[in-house]
Amino acid sequence: MTRQTFVIGTAGHVDHGKSTLVKALTGIDPDRLREEKEREMTIDLGFAWMTLPSGRRLSIVDVPGHERFIKNMLAGVGGFDAALLVVAADEGPMPQTREHLAIIDLLEIRHGVVALTKRDLVDEDWLELVHAEVEELLRGTTLEGARIIPVAATRGQGLTELIDAIDRVLDHVPPHPGRGRPRLAIDRVFTIAGFGTVVTGTLRDGELEVGQEVEILPRGLRARVRGLQSHRTRVERALPGSRTAVNLSGVEVDDIARGDVLTVPGWLKPTTLLDARLRMVPDAPAPLEQNDEVDFFVGTTETLARVTLLDAERLEPGQSGWVQLRLQEPIVAARGDRFILRRPSPSSTLGGGIIVDTAPRRHRRFRPEVIRALEALASGDPETILLQILEGDQVFEWRELLQRASLDESTAAEAIQRVIAAGHVLVLDGGDGPLSPTTSLVRREAAERLCARLLELVRDYHARFPLRRGLPREMARSRLGLTQRAFDYVVLRLARAGQLVEEDEILRLPEHRIRLDAEQESRARAYEAALRQAPFTPPAPAEYGLESELVQALADLGRVVRITDDVVFAPEAWEAIQQRVLALIDAYGSVTLAQVRDELGTSRKYAQALLEYLDQRHVTRRVGDARVRYA
């Protein structure tokens, strides 16, 4: 189905008539603030809408033209399908005309129309001169060849031709993908009496429905869609590419701000590190140096960032390069999002580009393998992108892989099935059914490396702790940094190959056995003899110089029964204890600590310890001050 909702945004120098033109086109004054009306100057984003002759519904975002409000302009431009560049005929291109056009070019907004406003203030010769100047200005940018329409908004001249030009240029705007993962970069937050919190923005990547649960990131807030509007008309479903107002329940207006992102739970994660391809504008005021601090803009978000130049000592005006951006605050973005960098002081646009990875590792500079990986991520080929993200030993769940790849789900699913069939990737969860959000994936060679790493961990543990049975399972999983499912796969693969043994949540090599040296064996036998001499009041291990590690080894070998660090019984004594305790219970229905103490001729310390141990092993259970059989 052809998308019928589009967003176009104004751009241009202050006082060139952007807001006046929008009002003339739509009948709506986009200047909504009292200060804007008093000063007759746009300060913040304004919004209007209209229906084009083709029947398309058009949202218009009006941006401020003054250089002091460039940050507000940047909060609106990211959602444009097309640009309406406004140039006053009596002045021609001015500084903000050029900067706004540079931003449009950096964001690769490839569709647009130019309105030469105030044509009634100049003669034809001057108008022709400005027309030629604008054509020259557009050359080499994404708007090269755009139609230039002279208009006089206050008199209505040229508006019909301008509307027709806008309608025609939208014929070439590709449809917004419906990836089933809607996200809305919030540009306004306000409250309406009787309704509560409302946020607005341009919807991307999926649909929103009334009643849907959503998440506000990076704050991690959960809310529910109470209502939806587009162009002040209630809708049950908002489509990708539309200007959308979302009435939220479960959050307060003070909990949200411009720059937050509304999305569905579970797929986007905040980040403070990004890999990107950066292009410097030709008229940047200075080169970009390693570790420079910059203002970073993506969507409606703004934060400070430090730049790591990955393949250059510096980036001169007009040059391009690979960068890693270290953000001062967490933001939310997806691979493929475009961004702008500006110098904080004096404020000026440096460049912009495209994000290729939203969850990278920290990179060292001038590494060919890093550059090759980044180029693969930027290639656009789904199989290459997925394989590159899976590079290394990390195991990904399918939902994580989709978020990193930022691909249409069906396209990504087809691509991953091809690389699985080719043997490049393993599915760790088994089965041949459709991919679920928690399906685990890993490169085949990475699976081999993970198996080798686990064997090395176990081997190293045996060497460090020869008196222990082996490496605790959860400790091994934590050290490998794997999900439970991925770790289960690695253990099972090694166990089936006969390379690993798992017993009671302990991992060991098949050849590993607990072995005492001669000195340890001598001390152990002396202690065992002492336990047999005092079966129900045994001496503590420390009295015979036995450290905890050796006592546990004897317990693992079945040569002693370790109740606590200080209470240890000989196996035959422990078997007698269990039988006599259960005999007392069978005779009297229950048994008390005092009865056990007297029966065994021991002390309260031992009686209490052995009863608690029997409770832990589900031989007995406590009822009040007595014990009964567990069953």
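Which residues form one aromatic cluster with W574? F569, W574 and Y613 form one such cluster. The structure is a predicted model, in which local features need pLDDT of at least 70 and side-chain atom pairs count only at pLDDT 80 or more, while totals for chains, interfaces and linings use all residues. Residues are numbered from 1 along each chain as its sequence is written, and side-chain values use heavy atoms, with hydrogens and water left out.

**Aromatic pairs**

Across the whole structure, a search finds 5 aromatic pairs; rings of Phe, Tyr and Trp (its six-membered ring) pair if their centres lie within 6.5 Å, and planes under 30 degrees apart count as stacked, over 60 as edge-to-face and the rest as tilted. Two of these pairs are given below.

| Pair | Arrangement | Centre to centre | Angle between planes |
|---|---|---|---|
| Y461 and F465 | tilted | 4.8 Å | 50° |
| W574 and Y613 | edge-to-face | 5.4 Å | 65° |

The pair of W574, in helix α16 (residues 571-588), and Y613, in helix α18 (residues 604-616), links distant parts of the chain, 39 residues apart; helices are DSSP runs of H or I with at least four residues, strands runs of E with at least two, numbered from the N terminus. Both W574 and Y613 are buried, as are Y461 and F465, where buried means under 20% relative accessible area with a 1.4 Å probe, protein chains only.

**Surroundings of D275**

D275 lies in strand β16 (residues 271-280) and is buried, with a relative accessible area of 1%. The side chain of D275 makes a polar contact with the side chain of H363 at 2.7 Å; such a contact is a pair of N or O atoms within 3.5 Å, and within protein one must be able to donate a hydrogen and the other to accept it, while residues adjacent in sequence count only if both atoms are side-chain atoms.

Technical notes
Buried means under 20% relative accessible area, exposed over 50%, partly exposed in between (1.4 Å probe, protein chains only).
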